[in-house]
Every structure is written in structure tokens, then in C-alpha cells.
Amino acid sequence: MRSAQAAWFAGALACYDLVATGLTSVMDRFAAQVMGLPFAPLLAVTRGEPPVALGLGDLLLLVLFPLTAVKAFGRAAGILAAAVGLAVSGAVSVLFARGVLTDAFPLLTVLGPLIVVQHLVWRRVRGGERTTAEWRAGRPRPTPPATAAEPDPAILGALRPAGATEPAQGEWLAVADGRVVGAGASPGRARRDARLRGCDCVPVVRRA
């Protein structure tokens, strides 16, 4: 599973949880019906009547996104995803235990957007997700080449042949001491152009 798919899934569940838990009583009635049954799709965090519990959908994303983040972006992304999930679920559980929250709280409305944000940030930082083959081979995703910036005027000046007012042009360049000293349509013409421009050494000729 790709990180993008997990992020889309988290966003969809966040919208569903907002409606089913925050705006309607669907999840309240569901929790009341399954509470106390064997293998109920809940994880009790604290004791009490009723106990503070996390739903199966919350637990699914708490485990799913760190795993997909490790595959897609590396160990650091997985650790961060796990830490964020534990921090959010722990904070909500503490609020329930202290009586600040009493009704059902849509945990995924907080966790879902955070998952989407993490995916977008890591994708921008890493330049994309690792493929399954790259992950299995333990290779990081190749860093995309940086966008070409405007050339430094000092570099452009260094590429100008010595003693010339116009840059040398041609398919072949004569280079000496890190500077372009001549150019021409052939290696011989590039060396001849360098000699005419005052170069008193034997330049190296290469294609432009």
C-alpha cells in the first residue's frame, strides 16, 4: 500500500467520523450495543463505566500509516507518524479520563488531517515515494535534481575567452587553466582561435 492511498483513506475516514460520531449518534448507539460483548471492535484504555476506548478504525490508522510511511519515506517518517498517533490518542484518552470529554469524540477528525499533512510534507521533502522494489532493496529514493537557477555572472565571465569582448562560439571549445580560451567548428579551429586570442599554451579541446 502506498502512502498516498493511506492518506486518502485517512481523509475519507476523518469525514465519516465527523458525521457518524460528531454530528450524529451513530457511533454512540453502536458503542452502547457492542460494549461488553466478546471481541467487540474496541480497545479499552481505562476502566470505568463506561471505559475509555478506541475504535477499530482509529487503531487501524494508528498502525497502518506508520508502516506505509516507513516503506514510502524511510524510518524517520515512520517514527514520526507513530509518535503523532500516540500523542493524539493519548491526549484524547487523558481528556476522557479527567472528565473533560464525556461524549464520543471523533478521533479521526484530528488524526486524519495530521496524516494527510505528514504525507504531503514527506512527499515534498523526499521528492516522492519509494517503490516497493526500492524499499525491499533498502535504497532511498533518488533526490530529484534541483531547479536550474540563473548562472552566476562571475562564472559567465570565467567562461569568456581571455582578451575577447564577445564569448567564443562553436561546437568545440579550447580550455586552459579552467577558462575557455577559444572555440570553433572543429578541434583544430578551436585551437587556432585560442592562439589568435593570445593563448600561449596548448589548450584542452572538448565539445561544447
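Predicted model: local features only at pLDDT ≥ 70, side-chain atom pairs only at ≥ 80, totals over all residues.
Trainee: What share of the residues in the chain is buried?
Mentor: Of the 208 residues, 32% are buried. The accessible surface comes to about 13,500 Å², and carbon and sulfur atoms account for 62% of that surface.

Trainee: Next, the inside. Which residues touch the most other members in the largest nonpolar core?
Mentor: The general idea first: in soluble globular proteins, nonpolar side chains tend to be buried together. Here the largest nonpolar core has 20 residues, and Leu-61, Phe-65, Leu-111 and Ile-115 touch the most other members. At least two residues of this core come from each of helix H1 (3-23), helix H3 (56-73), helix H4 (75-97) and helix H5 (108-126). H3 gives the largest share, 7 residues. Apart from this core lies another one, of 8 residues, including Ala-176, Val-181, Ala-194 and Cys-199.

Trainee: Let me zoom in on one residue. What does Leu-111 touch?
Mentor: Leave out residues up to four places away in sequence, and Leu-111 touches Asp-58, Leu-61, Leu-62 and Gly-85.

Trainee: On to the strands. In which sense do S3 and S4 pair?
Mentor: Look at how the two strands run past each other. Strand S3 (residues 172-176) pairs with S4 in the antiparallel sense, over 5 bridges. Val-175 stands opposite Val-180 in S4. The two strands form a hairpin with 2 residues between them, and Asp-177 in the turn has a positive phi of about 55°.

Trainee: Is strand S4 mostly covered or mostly uncovered?
Mentor: Strand S4 (residues 179-184) is mostly covered, with 5 of its 6 residues buried.

Trainee: Why does Phe-9 count as partly exposed?
Mentor: Go by the cut-offs: buried means under 20% relative accessible area and exposed means over 50%. Phe-9 counts as partly exposed because its relative accessibility is 32%.

Note on methods. Residues numbered from 1 in each chain as written. Heavy atoms only, no water. Buried < 20%, exposed > 50% of the residue type's maximum accessible area, 1.4 Å probe, protein only. Areas by Shrake-Rupley, 256 points an atom, 1.4 Å probe, with all protein chains shown as cover. Core = buried A, V, L, I, M, F, W, Y, C linked by side-chain atoms within 4.5 Å. Helix = DSSP H or I, 4+ residues; strand = E, 2+ residues; numbered from the N terminus. Contact = heavy atoms within 4.5 Å. Pairing = 2+ DSSP bridges.
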